[in-house]
Structures are given as C-alpha cells and as structure tokens.
Amino acid sequence: MSYVPPSNLHDGGPAAVARRLPAARVLLIALVLALAAVPLLPAFYVTLFNNIGLAALVVLGVVLLTGVAGMTSFGQAAFVGTGAYATAWIASASALPAWLAWAGGSPWFALLAGLLVTLCVAGLLGVLTLRLSGHYLPLGTIAWGIAVYYLFGTFQSLGGHNGLANLPALQLGAWTLERGEQMFYLIWLLVLASGWALHNLLDSRSGRAIRALNGGQAMAASMGVDVFRAKLAAFLLAALLASLSGWLYVYTQRFVSPTPFGVNQGIDYLFMALIGGAAQLWGAVVGAGLFILAKDWLQDWLPRIFGETGNFEAIVFGVLIILVMHRAPTGVVGWLSQRFGPGRTPVRHPAPNAPAAALARRPLPPRGSTVLEARGLTRRFGGLVANNDINLALHAGEILAVIGPNGAGKSTLFNQLSCCDMPSAGEVRFHGRSVAGWSARQIAAAGLARTFQHVKLLPRMSVLENVALGAHLRVRPGLARSMLRLDRLEEARLLAEARHQLERVGLGAHAHVEAGNLSLGQQRLLEIARALCADPSVLLLDEPAAGLRHAEKQALAALLGRLREEGMAVLLVEHDMDFVMGLVDRVVVVVFGEKIVEGLPAAVQSDPRVLEAYLGACA
Amino acid sequence: MDSQIALLLGQDGLTSGAIYALLALSLVLVFSITRVLLVPQGEFVTFGAMAMAGMQAGKPATLAWLLLGLAALRLALMLPAALRRRRLPAARSWGMLAYAVALLLLLRNLPLQQLPMAVQALLALAMVVPMGPLLYDIVFRPIASAHALVLLIASIALHGVLVGVSLLMFGAEGARSEPFSGNGLALGAVTFKAQTLWVIGVTLGLLLALYAFFNHTLLGKALRATAVQRLGAELMGISTAFAGQASFALAAFIGCLSGILIAPLTTLYFDSGFLIALKGFVGAVTGGMASYPVAALGAGGIGLVESFSTFWASDYKEVIVFTLILPFLLWRSLTTRHTEEEA
C-alpha cells in the first residue's frame, strides 16, 4: 500500500498547478528571497531584522497559545529571560561553579540547559494553573514574570541589575558567528523552521486537539481528547520557543540584563501577536515586524515633534493598539485576508490516489448482550430532582429511544450516561463495569460516542477536520512526529476514515466547507459522522433528527438501521415521533425526571400515562 | 524581631492590605459586570495620590485638563453617528464637557494650597471619578461584546497610555502628601499611627457602604443582576452600557480614594499604581474573581506578607509576594473540578 502525499497535483492535473499555486506559498517564497537579501542592507537594518526575528520566534508561540488555543500568558518574556540567562551563565565560563566548568562555553549545553529549565518552570506553572479556569494562567505567568525579573536583578552570580557583559560569540563547530548578518541567517532559519513545524502541527491530530481548546473543550473531551495535556503541550511549546529566542538573544547581543525580560516585554509580545493577527502563524512575523519597525520609527520621530520630555511612544502605541482592537480585532493579517484574500478557506485535504489502509476496528459485543445500564440513577441540582431513580438497559444491536416532554430530564440522563455529569446517587455500568468517577474521555476511549443537543463543533475548521476529531484515539502519532511531518501515513488513514463516515451520513460533498457554514441539520449529521469516526460500540444521539428535512430524516433512519444490523447499540433522545416510532426497538418515557413507561413503540403510544403526560389528563 | 517590631510591621501590613482589598473589590466588580480586567485601576490610584500631593505643593491641577480632554474626545467620537442622524449628541456629553470646563476654571481660581484637606480630597475625587465612565465610553463600550482577550488587550493598552500621560502630567519625581492628622492613638503598649487608623476606618466604612449599596438599593441590585447574567439583565431593561459606566465610576472612585489614603504613607511615582493594583489583583484572584469577602481577605493577607518580607528579606520582597500565589494555585487546582469557560 503506497502512500502518496496529498498535494495540489491531485486536484486538477499538472496544467492547473501554475494557476493553483496558493497565494500563501508565493508569499512565503517572496519572503524568503527578500530575507536572503537583508544582509546587503546597512548594519542598522540587519540589527532591526535580527530583533524582528528574535521576537517573531516568541510570537509564534504566542499565536499557538493565545490565538489558536485561547490561553493568555504574560510570562513569555520571562521564558526568554530564562533561556537567555541560562545561556549567558554557561557561556561566561567565569560565573560557573567548578563542577560545571567542563561545560563552560558550550552553546549546545547552554541551549539544552535553557530549554530544560524553561520546561521545568513552565511545566510547574502549567500543572498548577491549566486545570483551572481562564484567569489563573495569566495570573500565574504575571507573577512568575515579575518574580523572575526581580530574581535576575538580585542574584549577584547573574550580574545583578548590571547584567552579564562581554559574552563570547556563538561557536558552532568550526564556524564562529560574530557579526550581525551571520546571526541573521541562523535566527531566520530557526524562525522559518519553527513556523514550518507549527504549521505541520496544526494540520495534524494533535494540532486539531489544540485547536479544539478554544471553545470546544467539553466536546473534545467527549471525543477522547486529553484536554489538560493538549493545553500543557501548547503552553510548553510556546515557552520553549521563547527560551530558544533567549538563547539566540545572548549570542546576538553578547550581553544580558534583567530589563528586556520584564512583564512589560511580555505584554509587548502579546501586542505583536494581536497586531499581526493571532489566529494565523503569519501574524507572528507580520506583527513582530510592524511592532518593532513602528517602535523604532516612533522613538525616532516623536521626540522631534513633541520634544524630549515624556514617554510619547508609549502613549501613541497604546492608542494604536486600542484602535486596532476597535477596528480590526483579527489583526493585520486577518484584516487583509478578509478584505483582499479569497475569504477564509480551511486547509484542503484532497483524497489521495491510493486508498489508505483502514483503521483497526473495535470488536463489537455479541448481539443482545447488555452494553449500557443505568441503576437507580438520580441527579439533583440543589432542590431540583432532574432524574429520580431511573433504571434502563441498552443491548447490542438495538435502538432504544428516550422520549419525554421538554424539561423531563432527558439531557441530564444523557450527560450522566456519557460521564459528562456525575449522578447524585445510583450508578452507570458500561460493558458490565461501573463507570463511577470516570471522565468523559475515559468512557469515550472505552467505546461510547455521543452527539450533543446543542451542536458543538469548531465552526472555523473544515467539516472533514471536525469529523477527524472523532477518531482522535484511533491513531497515536505524537507531537514531535506531527511537527516533522512523520505522521502522514497515520494522518492519511485517519482522514480516509473521516471521509468515509462523512459519505455515510451524506455530507461527502461538503468535506472542505467551514463547519460553521453548514445548515443546522447538516451540523447534526456532522456530529453523527464524528461520533461514528470514534468506532464506538455504543452511540448516544441527542435529538439527531431535529432540523433535518424529510429526505434527510429517512436517510438517517436508514443509516441507524444499518448500524443496528452491524451490532451497534444506539440510544437516542428525540421529539419527532414519526421518526422514533418507525425506527426504534424499544421506548423509555421520562416525565418530570421519572421513568414512567418502558416498552415497544406501539404499546407506549397507546399507554394512558404517556397520553396524559403529553396531552394532559384525558377525561 | 521583638513584639514591638512585629506590631509595627503588622500595622503596615494591615494598612496596605486594606488598600489592596479595596482595589481587589473594585477589580472584581468591574470584571464581573463588564468582563474587563481593569489593568488601569492602578492609574486611578496614582491620579488620586498625585492630585493631593500636587495641590499641597501648589502645582496646577493638570488632571482637570485630562478630564477636559477625555470629555471632548467622547463628544467628538459621538459626533459622526449623531450627525448621520441629523441630531446633536446627547445632552449628557455636553454636560460632561461643561462640568470639566467649570471644574478647570474653579481649580485655577481657588487657592488650592490653603484649602482644608477634606476639600482637597473632594476636588481630587471630582477630577478623577468622571474619568471612569468617560474611559469606559471611549475605550470599552464600542467593543463591549468582543472576546474577553480583546477587552484584556485594550485594557493593557489603556494602561500604557495612562502611564505615559501620567509621566507627562506629573513628571518623573516622586510625591508624597501630608498626613491627614497628627498624633496616633496609644492603646496600652501599642501605638497606632494616625494614618493607619484613617486607612482602616475609611476602608471599613467603604466596605459597609458598598454592602448597603449592593444589597439595599435598586441601582446596586441592577449592577449585581448584570454581573450574574448580562443578557437576562438587559432583557429586564437594565442598560448594560449604564452598568458599565457605573462600575467604572465606582472603580475610579475606589482607586482615587485609595490613592488619597496612601499618599501620606509612601512616596508614589507616576507609574507606582500598577504594582499596587497588581497586588490587589492577586488578592482578587484568591477570591476566584467572584467572591468579595474572600478577595478582601486574600488582599489583606498579601499586605501582611509583603510587610513582613520587607523586614526579613527586603531584596526578595516582590519575589516572595508574587511566588506566594503558587501554593495557593496548587490548592485551587487540587480542589476545583475542572470547568470550561466557553469563549
């Protein structure tokens, strides 16, 4: 089975290549060519571009952390400082204690030490704050940023407030990188390499998990994503990029002092990301460039206009940032692509020529065996009893419907069955095991997949990528392999599975549309495809037919019928009685949190208690 | 350390703790109503302190010019939309401009240096408090429904602008105002400094007033309703824009008052407010950005820790204060069940 990497060649044949060379790639080539020519400029500009590159490296991390994953850190400058001080301390062999003298001056050892220390500190901060809600990470990083700034200033072995000066030049093997233009190539090589790695990461299984963090955490957890781990990964990557920038900083400036690593600089990095456009990797380079050029220009011109007193560039900068937030909160790159670009188009994943190997499937339990069971399930919210002593059992190869008027407690029941909520009393058993204390992720890994009453998807990701999130646990390429593009075989198998499930629910033609552009009915079908992608043995569907047209409902009923034939167990909550009664094997009726009837559809329909619940007392 | 020093440090700690608690309260208030983390809170503190010190040193009240500028800016920003509707901007905006002009004229003609301290404090509040709603209208109201991150960035940017303006207005020299009253109070062996008593007394009074405001007045209840559920409150006819202005006015009031209170205790510079407010923020976060009493307690604790670490390890004072939150974060992360904030 040969794997052909997806590329534009498969879209329209060689003749179309020239036309379809994406604008981003043209831009990238132009950028690299322009960059290569920078060292021909006067030294002043080379220094400026070195600074832009150093900042862009940090801002790439901010884009990943803030723009993509939706977390805010003020401590990036402190991580730069960690990397820089570790490097400076090791590079200036005089400051080293005797037992470390052997490592003195080694840039590789310095890089390793900087990254390790950063990893430890960021790891500690991450473990402490990332399980908590949004404000603890900014706070933790602010506190760390301030604390570390004062630490750098008070440690005499780190030079105190005067810093460490006269550091040696970077010696890589036989090369000595002494001059600015030599560092320039190294800095920008690392910027481009990091950008490439992050680009690869975002277009992979781990990257989709990170992208799901911004607004889709509960859904991602139900798809088996380890939300905490994904957050930690994004945070650590951003911190490591900052630390790498610190390493380069030392060899570019040959001097460190605490000043460039304070909280204000941490805020500057955030500004750069927001100015450039925090949602795109491009924004990092554009933002760092604009910010540093504008700052340089303002520092040059403002004193000439207003005189020397006062800190005018801080005022002008603040006003500019506020204007950007008012007029273009998506940043310059976001604004440009909205105004002049082809509109936002999600990454396309064309089907490869050769079919990818199918993913391994879970053996389904024997037909008729009990797969999911609720025993005396009770859920109280304060004084309200949403579920009271509910018992039900779901068997392999059957479709069971839970019906009831609005507010009967059906969704509460659903959330407990899928471990999104914990019962106040009673227990849920999955394949004969109690799931007490399990997380949504654990039960997803054990083979339960669900959809949501209020559709939960990532509106700006393509339909295909949304569905692929469902298969998160079925392949396991890690972060590093994704960044280096070594995950393509697994990725192709995963996307082939997603494509297959999309076709099954009838959305095959919409694979490359932004998920937010689908109609509500189609979004529900997308959720079903996503759940099927997880290869579940039990499928929980919350109002799957709501918002679907008649033909779509028939197709969905046919699909559910086929799944039943294959031996899957399906539990659905639904209000459309025609849909339910023609399809399901058994019906459970819940009213005011209590199960009142369970039985065959026909028997339930004529049951007087059910009629009373739905239509009021009938004489 | 003997008990005398401990008592002294405890007093200092309680004094700054009380200030941090006030700031923590107003940060929680503004955050819960507008979702804005009010980073510029510290600038209101600076303004209050500098206004007092400036008046006592016989300097012109430059803050009144800032107020005038902000009032004019808000009016100018409202003009295009108003002209499109062929109407003049709301009377309120003209009123604010007239108020700013009147205040400026008044301040230029009063013998500021000779006025009683209470009048000076009132004038300082009269200059600083209206800036709160003005800044809300100019900076935050146009993006009131934006992503919380956008609000945060705008808030940080505003902080940068105000610090820059502050340097322009007050210069780089520090300033300190005169104490409110002379002698302290001797209780047995313990002598309480007069200013400490003032700070703690005013803080307690303000806390009681805020408690009464939020529990027993319609306006206070409307603000609380907005904090609990913005959309629901709006559907009940509570204007969220008004709630935003009111919360900013309260924040400016509390900030300015804090500045007036600490101005005699410590020399403040044009940018000192930020670090002070940041400690209030740390206190606020210990209350989970939601609980007022816990936030106040946390802020008080930070004041005490700061004061004692000044004695034992003054070089590491800030390090100790800010790393103190790590064990606290550990405790939170072990006891809190993960809850997602949907953006």
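Analyst: Two strands pair if DSSP finds at least two bridges between them. Strands are DSSP runs of E with at least two residues, helices are runs of H or I with at least four, and both are numbered from the N terminus. This is a predicted model: local features need pLDDT of at least 70, side-chain atom pairs count only at pLDDT 80 or more, and totals for chains, interfaces and linings use all residues. Residues are numbered from 1 along each chain as its sequence is written, while chains are lettered from A and ligands numbered from 1 in the order in which they are written.

User: What is the order of the six strands in the open sheet of chain A?

Analyst: The order is E8-E9-E10-E5-E11-E12, and the pairing is mixed. Strand E8 (448-450) and strand E12 (594-599) of chain A are the edges; each has a single partner strand, so one side of each lacks a neighbour in the sheet. From one strand to the next, the twist averages 15°.

User: In which sense do E5 and E11 of chain A pair?

Analyst: Strand E5 (residues 399-403) and strand E11 (residues 586-591) of chain A run parallel, over four bridges. Within that pair, A:Ile403 stands opposite A:Val589 in E11(A).

User: Which helices pack on this sheet, and at what angles?

Analyst: Axes are lines fitted to C-alpha atoms, for helices over the stretch in contact, and angles between N-to-C directions run from 0 to 180 degrees. Contact means that the C-beta atoms of two residues, placed from the backbone, lie within 7 Å. Helix H16 (residues 410-417) of chain A touches E5, strand E9 (538-542), strand E10 (569-573) and E11 of chain A, and its direction makes about 150° with that of E9(A). Helix H22 (residues 550-566) of chain A touches E5, E9 and E10 of chain A, at about 145° to the direction of E10(A).

User: How many residues of E10(A) are buried?

Analyst: Burial is a neighbour count. A residue is buried if 20 or more other C-beta atoms lie within 10 Å of its own, exposed if 12 or fewer, and partly exposed in between, with C-beta atoms placed from the backbone. In E10(A), five of five residues are buried. In a regular strand the side chains alternate between the two faces of the sheet. Here A:Ala569, A:Leu571 and A:Val573 point one way, A:Val570 and A:Leu572 the other, and all are buried.

User: Which residues of chain A other than glycine have a positive phi?

Analyst: Most residues other than glycine have a negative phi, and most peptide bonds are trans. A:Asp389 has a phi near 50°. The residue sits in strand E4 (residues 384-395) of chain A. A:Asp389 is partly exposed, with 15 other C-beta atoms within 10 Å. A:His431 also has a positive phi, about 50°. That residue lies in the loop between strand E6 (425-430) and strand E7 (433-434) of chain A. A:His431 is partly exposed, with 17 C-beta neighbours inside 10 Å.

User: Which domains does the assignment give for chain A?

Analyst: Domain bounds come from an automatic or database assignment. For chain A it gives domain 1 (25-339), domain 2 (369-444 + 538-544 + 568-619) and domain 3 (448-535). The centres of domain 1 and domain 2 of chain A, taken over C-alpha atoms, are 51 Å apart. Seven residues of domain 1 of chain A are in contact with six residues of domain 2 of chain A.

User: How many residues does each chain give to the contact between chain B and chain A?

Analyst: Chain B gives 41 residues and chain A gives 39. Helix H7 (148-170), helix H12 (272-286), helix H14 (317-323) and helix H15 (325-335) of chain B each give two or more. H7(B) gives the most, with 15 residues. The side of chain B that touches chain A has 28 nonpolar, seven polar and six charged residues.

User: What pLDDT does chain B average?

Analyst: pLDDT is the predictor's confidence in each residue, from 0 to 100. Chain B averages 84, and 92% of its residues score at least 70. Residues 338-343 of chain B fall below 50; beyond near neighbours in sequence, this stretch has 11 contacts in the model. The model scores ipTM 0.87 and pTM 0.84.

Conventions
Nonpolar A, V, L, I, M, F, W, Y, C, P; charged D, E, K, R; others polar.
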